[in-house]
Amino acid sequence: MPSPTVSPPRSADRPPASPWAPASHREQQREAKRNAVLQAAAQLFNERGFHATSLDDIAARLNVTKPTLYYYVKNKDEILLQCVSKGLEMMLEGIDASRAAGGKAIDQLMTCMQVYARIVTMDFGKCLIRVGDEQLPPESRVELRRLKSAIDLEFRRLVAEGVQEGSLQPCDPKMTAFVIAGALSWIGRWYQPGGEYTAEQVAEQCIATLCQGVLRRADGAVVAAASKAAPAADKPARKRSVAPAKKAALKAAGRAS
């Protein structure tokens, strides 16, 4: 007996194709849009300042409505927290990578300085430097300062190891780390893309100045003479400043009596 033929299912019997992307794709799209919100916000904070930037400004730059932003962020404070956190995380990741690469302390220190100088010319790095964490709620401020402290301690460690291995002059690692981070952070305040120097050139020249100094070294006596002259020049100034203050205090005491 011949087997019955099976007719192909009608199109009406097939499940309809879903117009929605898989959940994993939707999450990727949401994260991409959230990052776009943060990027636009960081740019506006850098250009106008935190207080002068509104959620309406951020929405307008992204060509969306203000209510759309609330799908990705809670408020402007959270946006700032995420922006400066991203800047710090970028720095910490770069520093961790330079440490993992190994090598001498001086090589790791130079790499860390390059990473730091490059990031403060980028949107999130500039936001970290220009806006800072003073605008944040106290609990968020504590966490961000903890991350900043981790960067500072890494610079101190590398400076101390550089002194030990003989690649750096004897110095106070804490003060030296402050000078390095302070000088490189300032790039984030004045650097503008499209200027006379590229970000790479700015980083290169600033790091060279920090490492080589500005004094011309015909021999070691130049540096030694400069370091000895500074305290001597300081003393007369202190004497001059103390004497008028003392006289004023005596006059005030005489009037009071």
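1. H5 and helix H9 (residues 199-212) pack with their axes 10 Å apart, at an angle of about 135 degrees. H5 is therefore oblique to H9. The crossing of these two helices is right-handed. All of this describes a predicted model.

2. Which residues make the contact between H5 and H9? From H5 come Met 110, Met 113, Gln 114 and Ala 117. From H9 come Ala 203, Ile 207, Leu 210 and Cys 211. By class, the contact of H5 with H9 holds seven nonpolar residues, one polar and no charged.

3. H5 also packs on H4. Helix H4 covers residues 76-101 and helix H5 residues 105-119. Their axes come within 9 Å and cross at roughly 160 degrees. An angle over 145 degrees counts as roughly antiparallel, so H4 is roughly antiparallel to H5. H4 passes H5 in a right-handed crossing.

4. On the H4 side of this contact sit Gly 87, Met 90, Met 91, Gly 94, Ile 95, Ser 98 and Arg 99. They meet Gln 108, Thr 111, Cys 112, Val 115, Tyr 116 and Ile 119 of H5. The contact of H4 with H5 divides into seven nonpolar, five polar and one charged residues. The contact of H5 with H9, by comparison, has one polar and no charged residues.

5. Look at Gln 108 next. Gln 108 belongs to helix H5. Is Gln 108 buried or exposed? Its relative accessible area is 9%, so Gln 108 is buried. Neighbours within four places in sequence aside, Gln 108 is in contact with Ser 98, Arg 99, Gly 102, Gly 103, Arg 157 and Leu 158. Two of these partners, Arg 99 and Arg 157, return below in a network of salt bridges.

6. How many salt bridges does a search of the whole structure find? The search finds eight. One of them joins the side chains of Arg 99 and Glu 154, at 3.1 Å from N to O. Arg 99 lies in helix H4 and Glu 154 in helix H7 (residues 138-165), so this pair ties together parts that are 55 residues apart in sequence. Arg 99 is partly exposed, at a relative accessible area of 39%. Glu 154 is buried, because its 8% relative accessibility falls under the 20% cut-off.

7. Arg 157 forms a salt bridge with Glu 154, and the closest N and O atoms are 2.5 Å apart. Both residues lie in helix H7, three residues apart, which is about one turn of the helix. Arg 157 is partly exposed, with a relative accessible area of 27%.

8. These pairs belong to a wider set. Asp 96, Arg 99, Glu 154, Arg 157 and Glu 161 are linked in a network of salt bridges.

9. Arg 146 pairs with Glu 143, and their closest N and O atoms are 2.7 Å apart. Again the two residues lie in helix H7, three residues apart, about one turn of the helix. Arg 146 is partly exposed at 48% relative accessibility. Glu 143 is partly exposed too, at 37%.

10. One backbone point deserves a look. Asn 63 has a phi near 60 degrees, a positive value in a residue other than glycine. Where does Asn 63 sit? Its place is in the loop between helix H2 (55-62) and helix H3 (66-69). Asn 63 counts as exposed, with 72% relative accessibility.

11. Now the chain as a whole. Its secondary structure comes to 10 helices and zero strands. From the N terminus on, the elements run α-α-α-α-α-α-α-α-α-α. The chain has 257 residues, and buried residues make up 29% of them. Among contacts with a separation of 6 or more, 65% come from residues 24 or more positions apart.

Notes. Residues numbered from 1 in each chain as written. Predicted model: local features only at pLDDT ≥ 70, side-chain atom pairs only at ≥ 80, totals over all residues. Heavy atoms only, no water. Axes fitted to C-alpha atoms, helices over the stretch in contact; angles between N-to-C directions. Helix = DSSP H or I, 4+ residues; strand = E, 2+ residues; numbered from the N terminus. Parallel < 35°, antiparallel > 145°, perpendicular 65-115°, else oblique. Left-handed = near helix turned anticlockwise from the far one by under 90°. Contact = heavy atoms within 4.5 Å. Nonpolar A, V, L, I, M, F, W, Y, C, P; charged D, E, K, R; others polar. Salt bridge = Lys/Arg side-chain N within 4 Å of Asp/Glu carboxyl O. Buried < 20%, exposed > 50% of the residue type's maximum accessible area, 1.4 Å probe, protein only.
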